[in-house]
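Me: I have a structure open and would like to talk through its contacts. Can you take my questions one at a time?

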Amino acid sequence: MTMIFGVPMAVFMGQLTLGLVNGAFYALLSLGLAVIFGLLKIVNFAHGAQYMLGAFAALLGFRYLGINYWLALILVPLVVGGFGMLMERFLLRRIAHLDHLYGLLLTFGLALIFEGTLINFFGVSGARYATPEILQGGLNLGFMFLPTYRAWVLVAALAMCLFTWFMIERTRLGAYLRAGTENSQLMQAFGVNVPLLITLTYGFGVGLAAFAGVLAAPLYPVSPTMGSSLLIVVFAVVVIGGMGSILGAILTGLGMGIIEGLTKVYYPEASNTVIFLVMILVLMLRPAGLFGKEA
Amino acid sequence: MTFMKKTLAASIAVAAASSMAISTAHAEISDGEVRIGYLADMSGTYRDLAGPGGQTAMEMAVADFGGSVNGSPIVIFSADDRNSADVGANTVREWIDQRNVDMVGGLVASSVSIAVTKVLQENNGLGIVSGSAASSITNEHCTPNHIHWVYDTYPLANGTAKAVVEQGGDSWFLLTADYAFGHALEADVTSVVEANGGEIVGGVRHPFPTSDFSSYILQAQGSGAKIVGLANAGADTVNAITTASQFGLTQSGQQLAGLLIFLNDVHALGLEATQGLLLTTGWYWDMDEESRAWSERYFEETGRMPTMVQAGIYSSTMHYLKAVEAAGTDDPETVRAKMAEEPINDFFARNGSIREDGRMIHDMYLAQVKTPEESTGEWDLYNILSTIPAAEAYRPLSDSQCPLVQN
Amino acid sequence: MATSHTTEAVNLPSAVQERQRRAKFRRNMFYLALLAVGLVAPFVAYPVFLMKILCFALFACAFNLLLGYAGLLSFGHAAFLATGGYVTGYLLASYPGLTPELGILAGTAMATLLGALFGVLSIRRQGIYFAMVTLALAQLMFFVFVQSSFTGGEDGLHGVPRGSLFGVIDISSNLAMYYFVFAVFVFGFAVIQRTVHSPFGQVLKAIRENEPRAISLGYNVDAYKLLAFVLSAALAGLAGSTKTVVFQLASLTDAHWHMSGEVILMTLLGGVGTLLGPLMGAGLVVSLQHLLAQSPLGNWVSVILGIIFVVCVLSFRSGIIGELSKMYRKNFK
């Protein structure tokens, strides 16, 4: 058997593939954070909770309304995103003119409220969400058995990332958005409804988190605390990529997934910590992150 | 939620009772009341294992006992330890200093239990640990002031590992949670597997907690071991089992062995993912007529079937109250001695007795999770395969490091 | 972040000097009254509970020194609290001859060293980046604590003896312990009070208000920030060390990032950049957790804390003390 760094080739390739799947997932989550921060300058500490709400909405929608996975994949981001818009309109807007740190604290508080409330109704054990029939089973890649659903997660997450990047960087709407956050008075003078644009953007970022939540529902037990542990990892990804950089979030997400995956083979004990180590190193060398612009 | 209303009502009743001046105080019962504290994780990871349901079980025991001992009312205080040793130890310190609490029950997270038992030892209190897994609680951390009920890692790991090796599962890959508890479990399993002629072919220590186990499952698949042992607990075990089923671990001929898995975990995971899993349990709600009868009453109160911990809380509270009644006092030392004198045989414990290290030993059971086809209901989850006699189940006193044991 | 209303200048007209003297007198009388309250408190309330408040108050005061006066939001202060606690706990539990004050000193010294290291790594970053770097560093420390054997990992470090102060004064009783903790708190508070009102504190405020200007005035801004960071870490370590002696244990709760969030809440609730705010905030949060934990609402603790967070940020950004002093100024001046 061919060996790579003391590990059989097949295992190495398998880990690389899994790292990529996780990385796509990180990319999707950090993308939402990056959109919200880059365009709105809100440090969305509720992102983990919104991801969790996405998973819960899928679960409850199925349980009580019979909404299937595919419908949930479309409906849940809209519903949770809409809820996000209400948050922006009635809470975040009131502190938009203040230091960014207040946004961080406000969303942190909101995350505590969401999680605590759901814990009281659903406990913490977590519930199962069935994998849709067509995505059950797995693919034999020769070097590993890859569950079809994970392959789907990789494809869906990457497609969503590309779509978002295209929307913001390559369309007229995206251009308005970037301009509106750069100089809102000027844009308003041109007749663009900037506050509405901001509300929509926040809703979109939250929708991305909810989309990730629906994708995650069949993978992990759906529990109120599923987002809080993920949140700081995703934050680290965004910081490494450069806060606000859309492309940076996507690429860093993928890269971190792979680095974490390899750590799981060579020094599994540190796999939760390696991202923070990378983050410190990156910030030492490039204070604004890998893809960020120096403020 | 009717259950919450009931808890509320019960708490109000308790508050009212404690504020009333008790004129009929019994001479030997301190303050004229038997005061019990229920300390558990009410909102975090272990909520479903013990949590509010454990409090209900304790309240049922008090109500079944008649609400008073020799004319002195029984009062329950309860608090959430939020899985923090700090909060737990402080709560108990205050209960003892300010409210003269006579016994503290519940006690789930091992770190909280160890911290609390130190406080109890210093203040000459009495604690009954029902939810904790760590066998160190009656080993190097033993005190004359507490009793460990229900289970610990020793019978769970040993019972399961031994049975699995005997059935031919002689090569193991271990997924170990990377902290003291996981390491201890790993060491226990390794020695049992090797003593029975099996071998450990590999393993990985994963961070605690971990949500994505795919990488580790892949490594386990690559190892060629027949058995993948889960030396972890709670959410980690649940996540590992979910991932294993996604990766077709069992289809490819390997088998999972859960070393620390509870009814609520299996219920949450569903039978599809857990079927065939071997595990050791201290009790199962459907194991006989007596257990079913009690569990159905519990179900009416809470809407869930009880875990072994919740049943154990009822059993231990009942045994405590009987000892108080027999001793005629709630003095911790006297009651502790009285409790050890009496054997325990109720719906929960069979052939139960309390050893000098504070370990309550009783029969344990090897169980296998049912297949979805076998199961007839939401809570119909286990087949009990065999009984592990009390004397064999727990760590022998000859191996004990507890200073209370004379070796 | 918060506004400050202290102005110090030389050669003021005598009327102004007179007013300042009177203000200073009033402040001193107020502190004396507080001191008196602190001295009689253990006879009214449960001493262990008061000690918990004092330890967290010191922790919050240390944190506030950084946020309120240097404008730096650290999201990793739990690391210092935990380092102080673990080092002190480990030393006292392993070397029975060691007296508690030496254990506390050692713990504080370790936290100070760690603070210097964190500070060097993080101080050049600003705003969110600073918060994230401190969070990342604290996560690394968490990893170290989980992995190390001396911390007891998940089980925590138990059975730390309270011992005798200087080998003579027995502090095993709650009352004696309380007065020791109270003395530690007063010491820490005095250090912060002196720092804030010193020229050093004035420069910090200048940096907070307008960093480029401070640089152009020739101040070595990074050195000032670093010193503030190290001082804050040292005091947080002192709080952790003292807490371990009081409760005789150290656990991972203190190292978790939720603890870093909790100290922000305390400071925010009491009033960022006010001297008494953190004390007030710590008192309220600790009492609230305490009351709720034993009530039927116990399950809702985190929800209620979350609501407080939200309400504070939306409506009481200057915190209780900040709002009170605003009211006082409006009505009495």
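Me: What should I know before reading off numbers?

Reply: This is a predicted model: local features need pLDDT of at least 70, side-chain atom pairs count only at pLDDT 80 or more, and totals for chains, interfaces and linings use all residues. Residues are numbered from 1 along each chain as its sequence is written, while chains are lettered from A and ligands numbered from 1 in the order in which they are written.

Me: Now chain C against chain A. Which element gives the largest share of the side of chain C?

Reply: The contact takes 32 residues from chain C and 33 residues from chain A. On the side of chain C, α5(C) gives the largest share, 12 residues. That side divides into 23 nonpolar, 7 polar and 2 charged residues.

Me: Switching to chain B. How is chain B divided?

Reply: Chain B has domain 1 (2-151 + 287-358) and domain 2 (155-281 + 364-391), with bounds that come from an automatic or database domain assignment. Their centres, taken over C-alpha atoms, are separated by 30 Å. Domain 1 of chain B puts 13 residues into the contact and domain 2 of chain B puts in 15 residues.

Me: What about helices in chain B, say α2 and α11?

Reply: Helix α2 (residues 51-65) and helix α11 (residues 289-302) of chain B pack at an angle of about 120°, with axes 11 Å apart. Axes are lines fitted to C-alpha atoms, for helices over the stretch in contact, and angles run from 0 to 180 degrees between N-to-C directions.

Me: What does that angle make α2(B) relative to α11(B)?

Reply: That makes α2(B) oblique to α11(B). Angles under 35 degrees count as roughly parallel, over 145 as roughly antiparallel, 65 to 115 as roughly perpendicular and the rest as oblique.

Me: Which residues meet?

Reply: G53(B), T56(B), A57(B) and M60(B) in α2(B) meet Y298(B), E301(B) and T302(B) in α11(B).

Me: Last one. Is I261(B) buried or exposed?

Reply: I261(B) is buried, with 28 other C-beta atoms within 10 Å. A residue is buried if 20 or more other C-beta atoms lie within 10 Å of its own, exposed if 12 or fewer, and partly exposed in between, with C-beta atoms placed from the backbone.

Me: Where does I261(B) lie, and what is I261(B) in contact with?

Reply: I261(B) lies in the loop between β10 (255-258) and α9 (263-269) of chain B. Leaving aside neighbours within four places in sequence, I261(B) is in contact with T237(B), V266(B) and L279(B).

Conventions:
Contact = placed C-beta atoms within 7 Å. Helix = DSSP H or I, 4+ residues; strand = E, 2+ residues; numbered from the N terminus. Nonpolar A, V, L, I, M, F, W, Y, C, P; charged D, E, K, R; others polar.
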